[in-house]
Amino acid sequence: GAEVGAEARYPPIFEEAPRCSESTLEAVLAAGPEALLTGGPLLLRNATAGWAANAWDDAAIAAAVGETLVEMMAMPTTTHPTLDAAADALVEPARCSVYVADFLKLTGEAAEAVPFEAYLAQLNLLRLPPLLRGVCLSTALPPSSLSIANLWVGGALMKNGLHFDLYDNLLYQLRGTKRALLFPPADAKHLYYGAATIRRHGFDLAAGGVTNETTFDKVRHNVAKLNVFADDVASTHPAVARASPSLCEVRRGDALFLPRGWHHAVISTSRGARRNLAVNLWYAASASGQGQGLSALADMFQQEGCGAGAEGGAAGGGGKEEL
């Protein structure tokens with residue numbers, strides 16, 4: 001595979017882990033609608049064929065939704081959350097409102113250096129219909145169990161600490177690369193979970209951005225109290241040596257299927273073009289068999305030019321739909 005820069009590497013104990021299983025979206029579709037739900041994580045190549053979203057760049061996103069107000073995450077370093085050992089807490093990024101166009105300028109290739117890192121996390125694509133029309137809804141998981149569709153927009157580097165979610169996840173990479181470190185649900189006992197006090201940075205643009213003062217936010221139980229990116233993690237948190245990690249390289253055009261409850265940390269990187277773009281779809285499939293009925297909104301997704309196995313779309317059409 002492509003050479004991985006030092007900034008996008010995990011500590012050796014994890015870097016040496018086996019790579020995750022791979023397939024293609026076509027093969028999964030041929031295996032039937034429940035095939036994904038019977039196995040573990042799976043990297044799917046050629047997963048965004050026909051998507052209009054493949055053409056997204058900063059100019060296209062700004063033209064489509066630039067005047068939409070969204071929440072930006074801002075932090076002092078590329079890693080979040082960070083550990084505050086003295087306060088026995090995890091520190092999460094500051095939240096502040098920003099127009100999409102301004103965020104893109106702040107973090108784009110022509111941006112001036114700013115004293116903080118920023119990204120857009122978990123933007124609800126239902127609030128961004130011009131973008132959702134560039135995303136194909138696959139039948140690899142039951143469309144009726146779709147719960148949430150999100151957009152993630154980062155810059156050159158972002159590291160998201162170890163946690164788990166209670167949804168089945170299909171993550172599609174549109175620009176840049178994600179390196180996902182995965183552990184099975186049963187590894188929780190080796191991964192330093194527990195009631196995690198979450199504190200949050202403040203943000204004051206006049207004072208240069210992110211402030212070092214943090215305030216109590218909430219207590220979470222799905223975030224591990226360890227920094228999997230720290231080179232000395234094997235000595236500071238020795239139980240991780242008993243865990244069973246795997247590592248997935250999710251490149252442009254790939255998707256990662258991550259079953260609910262799997263622990264994951266993610267390094268998002270984009271060499272050269274300072275932009276990382278991903279769309280993820282969260283499904284309630286194996287949780288209850290009953291999603292929140294987002295598939296009733298299937299006609300908000302891309303309709304023409306989608307590859308095989310797309311809800312409401314068929315192969316052909318050239319995928320030339322405008323953003």
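**Close-up views of a predicted model**

Tyrosine 167 is partly exposed, with a relative accessible area of 25%. The views below all come from this predicted model.

**View 1. Tyrosine 167 and tryptophan 282 make a stacked aromatic pair.** The ring centres are 5.3 Å apart, with 15° between the planes. Buried means under 20% relative accessible area, so at 7% tryptophan 282 counts as buried, while tyrosine 167 at 25% is partly exposed. Tyrosine 167 sits in the loop between β10 (157-163) and β11 (168-175), and tryptophan 282 belongs to strand β18 (residues 276-283), so the pair ties together parts that are 115 residues apart in sequence.

View 2. Phenylalanine 14 comes from helix α1 (residues 12-15) and phenylalanine 183 from strand β12 (residues 177-183), so look for distant parts of the chain, 169 residues apart. Phenylalanine 14 is buried, at 0% relative accessibility, and phenylalanine 183 is buried at 0% too.

**View 3. Cysteine 20 and cysteine 248 form one of the 2 disulfides in the structure.** Their sulfur atoms lie 2.1 Å apart. The bond links distant parts of the chain, 228 residues apart: cysteine 20 is in the loop between α1 and β1 (22-24), and cysteine 248 is in strand β15 (residues 246-250). Both of these cysteines are buried.

**View 4. Cysteine 136 is joined to cysteine 306 by a disulfide.** The two sulfur atoms are 2.0 Å apart. The torsion about this S-S bond is about -90°, so the disulfide is left-handed. Cysteine 136 lies in the loop between α5 (129-132) and β9, with cysteine 306 in the segment after α7 (285-288), 170 residues apart. Cysteine 136 and cysteine 306 are both buried. With the bonded cysteines of the protein numbered in sequence order, the pairing reads 1-3, 2-4.

**View 5. Helix α4 (residues 100-107) and its buried residues.** You will find Val100, Phe103, Leu104 and Thr107 buried here. Seen down the helix axis, the buried residues of α4 fall within an arc of 100°, so they line one face of the helix. As a reminder, an α-helix has 3.6 residues a turn, so residues three or four places apart point the same way. The partners that the buried residues of α4 pack against are α3 (58-65), β3 (69-75), β7 (94-99), β8 (117-124) and β9 (146-154).

Terms used
Residues are numbered from 1 along each chain as its sequence is written. This is a predicted model: local features need pLDDT of at least 70, side-chain atom pairs count only at pLDDT 80 or more; totals for chains, interfaces and linings use all residues. Side-chain values use heavy atoms; hydrogens and water are left out. Buried means under 20% relative accessible area, exposed over 50%, partly exposed in between (1.4 Å probe, protein chains only). Helices (H or I, at least four residues) and strands (E, at least two) are DSSP runs, numbered from the N terminus. The arc is that of the directions from the helix axis to the C-beta atoms. Contact means heavy atoms within 4.5 Å. Rings of Phe, Tyr and Trp (its six-membered ring) pair if their centres lie within 6.5 Å; planes under 30 degrees apart count as stacked, over 60 as edge-to-face and the rest as tilted. A disulfide is a pair of cysteine sulfur atoms within 2.5 Å.
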